Amino acid sequence: MSDKLPRPSGRMHRLAGSASAALLLIGLSACQTSGPSDITGSLGDTAESTPAPADPRRDIATYHERVRANPKDTDSALKYARALRATGQRAQAVAVMEQAVLAQPSNKALLAGYGRALADNGNFQQAFDVLGRAHTPEDPDWRILSAQGAVLDQLERHDEARQYYASALKIVPDDPSVLSNLGLSYLLSKDLPKAEETLRRARDRAPDDMRVRTNLAVVVGLQGRQAEAETIMKADLPPDQGSANVTALKRLLTRRDASRSDADKIPVAASRRD
């Protein structure tokens, strides 16, 4: 694999973008298992402060009852939706948050949670619009700015996305979660050297964050430096855990290469985007 990827065609861009997205923040054995929603970058805790549920199925039952008893219980609605997302019930999570926002249309926490659920479900433009209502220019929330950037990246509006990351970094300079999202933005636009540089900055500030480490390893691997990518994945981990992470990394890179090969076989006009 060469260090510089070929300029993608229109269809190749979509396929390669989807393949890249499938690589990002996939749950490995060293971190909590993640679902397809993670293609939106670091949205997991940026728009909400509720911790990941330890037992999401139990939480679904608990918070369903609480929300039914009190539709204006903000905390229960957020935790109910998050438990639904954790079990892959993304459309249901959107429905829960939509009803909660209808009951309290000015509640910023609910709007943030609703935007997160929409992004999880692939409703990226709607998610961006809703997240914009979850804070104000006079009182910006850096977590939501970063989340908006991640959503814009999924809409292939990478230059705009980076403006949001820049705004977030003015509030929290060198925050690793924002830097990680910025690195993914460069990856999705095929600027792998810049993606690597940014993700190394993120890793330096959060060396134990497996998601940041995974993103960096993917970018290094995509540039053909497989051995270095494997070293990044297994550093400072028990041997069995490190080996499992390397196996998962190889699977992700193989899947990405297969997608590129299939796309290369399709003759199409020049790309509309770089």
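Helix α5 passes helix α6 in a left-handed crossing, a crossing being left-handed if the near helix is turned anticlockwise from the far one by less than a right angle, and right-handed if clockwise. The model is predicted, so that local features need pLDDT of at least 70 and side-chain atom pairs count only at pLDDT 80 or more, whereas totals for chains, interfaces and linings use all residues. Residues are numbered from 1 along each chain as its sequence is written, and side-chain values use heavy atoms, with hydrogens and water left out.

The axes of α5 (residues 108-120) and α6 (residues 124-132) come within 8 Å and cross at roughly 165°, where axes are lines fitted to C-alpha atoms, for helices over the stretch in contact, and angles run from 0 to 180 degrees between N-to-C directions. The two helices, α5 and α6, are therefore roughly antiparallel to each other; angles over 145 degrees count as roughly antiparallel, under 35 as roughly parallel, 65 to 115 as roughly perpendicular and the rest as oblique. On the α5 side, L111, A112, Y114, G115, R116, L118 and A119 meet F124, Q126, A127, V130 and L131 of α6, contact meaning heavy atoms within 4.5 Å. The residues of this contact of α5 with α6 divide into 9 nonpolar, 2 polar and 1 charged, with Ala, Val, Leu, Ile, Met, Phe, Trp, Tyr, Cys and Pro counted as nonpolar, Asp, Glu, Lys and Arg as charged, and the others, Gly among them, as polar.

Helix α3 (residues 74-86) also packs against α5, with axes that come within 10 Å and cross at roughly 10°, which makes α3 roughly parallel to α5. The contact is made by T74, A77, L78 and R85 of α3 together with A109, L110, G113, R116, A117 and D120 of α5, and its residues divide into 5 nonpolar, 2 polar and 3 charged.

In the protein as a whole there are 13 helices and 0 strands, these being DSSP runs numbered from the N terminus, with helices (H or I) of at least four residues and strands (E) of at least two. Of the 274 residues, 50% count as buried, where buried means under 20% relative accessible area, exposed over 50% and partly exposed in between, with a 1.4 Å probe and protein chains only. Among contacts between residues at least 6 apart in sequence, 60% join residues at least 24 apart.

Individual residues were examined next. E196 lies in helix α10 (residues 192-205) and is buried, with a relative accessible area of 11%. Its side chain is joined to that of Q223 by a polar contact of 2.8 Å, that is, a pair of N or O atoms within 3.5 Å, of which, within protein, one must be able to donate a hydrogen and the other to accept it, residues adjacent in sequence counting only if both atoms are side-chain atoms. Not counting residues up to four places away in sequence, E196 touches L216, V219, V220, Q223 and R225. L102, in helix α4 (residues 90-103), is by contrast exposed, with a relative accessible area of 60%.

Most residues other than glycine have a negative phi. Phi of E156, however, is near 65°, a positive value; E156 is found in the loop between α7 (142-154) and α8 (158-171) and is partly exposed, with a relative accessible area of 22%. Phi of D174 is near 60°, likewise a positive value, and D174, placed in the loop between α8 and α9 (176-188), counts as partly exposed at 29% relative accessibility.
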